[in-house]
Amino acid sequence: MSLSSGLRSTMSQLKEVYRSLNSAGAKPRGCSTDLSLIKIMMIDALKAVDPEGLANDRLCKRIVFAESRDDLWTLRGDVMSAVSLCVGESSAFEVINVIDEVFQSGTYQEK
């Protein structure tokens, strides 16, 4: 199963944001901006598969209140599960791979 059009659009927009941040000299890994961007990316992925946010409301709140990259890293499994329920496991892996790239490098880099 491929990414739904809404999720594909969301992920494309997020990739573009990360590309522009990279070219603008975004802050280094571990800064609060980086943490906020990862939160936005995770929440946007959830909202793309559940626009009303009803099924993932609690998970979104946990993401918002996460205090560290480690907290968010722990929650990425829950994001994977929630996305895979809506669009399938292979599509969810595509989403998690983009999020993982940000975790590993602090920024998104097109492969």
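Contact means heavy atoms within 4.5 Å, and helices (H or I, at least four residues) and strands (E, at least two) are DSSP runs, numbered from the N terminus. This is a predicted model, in which local features need pLDDT of at least 70, side-chain atom pairs count only at pLDDT 80 or more, and totals for chains, interfaces and linings use all residues. Residues are numbered from 1 along each chain as its sequence is written, and side-chain values use heavy atoms, with hydrogens and water left out.

Q: Which residues of α3 and α4 meet?
A: L59, R62 and I63 in α3 meet L72, L75, D78, V79 and A82 in α4.

Q: What makes α3 roughly antiparallel to α4?
A: Axes are lines fitted to C-alpha atoms, for helices over the stretch in contact, and angles run from 0 to 180 degrees between N-to-C directions. The helices α3 and α4 (residues 69-87) pack at an angle of about 160 degrees, with their axes 10 Å apart. Because angles under 35 degrees count as roughly parallel, over 145 as roughly antiparallel, 65 to 115 as roughly perpendicular and the rest as oblique, α3 is roughly antiparallel to α4.

Q: Why is the pairing of R62 with D78 called a salt bridge?
A: The term requires a side-chain nitrogen of Lys or Arg within 4 Å of a carboxyl oxygen of Asp or Glu, and the closest N and O atoms of R62 and D78 are 3.0 Å apart. This pair links distant parts of the chain, since R62 is in helix α3 and D78 in helix α4, 16 residues apart.

Q: Why does R62 count as partly exposed?
A: Buried means under 20% relative accessible area, exposed over 50%, and partly exposed in between (1.4 Å probe, protein chains only); R62, at 37% relative accessibility, therefore counts as partly exposed. D78 is likewise partly exposed, with a relative accessible area of 30%.

Q: What ties helix α4 to helix α5 (residues 89-105)?
A: R76 forms a salt bridge with D100, the closest N and O atoms being 2.6 Å apart. R76 lies in α4 and D100 in α5, so this pair ties together parts that are 24 residues apart in sequence. Both R76 and D100 are buried.

Q: How do you know that K39 has no salt bridge?
A: Lys and Arg count as positive and Asp and Glu as negative, while His and the chain ends are not counted. The nearest side chain of opposite charge to K39, which is buried, is D71, 7.8 Å away. K39 is found in helix α2 and touches I63, V64, A66 and L72, not counting residues up to four places away in sequence.
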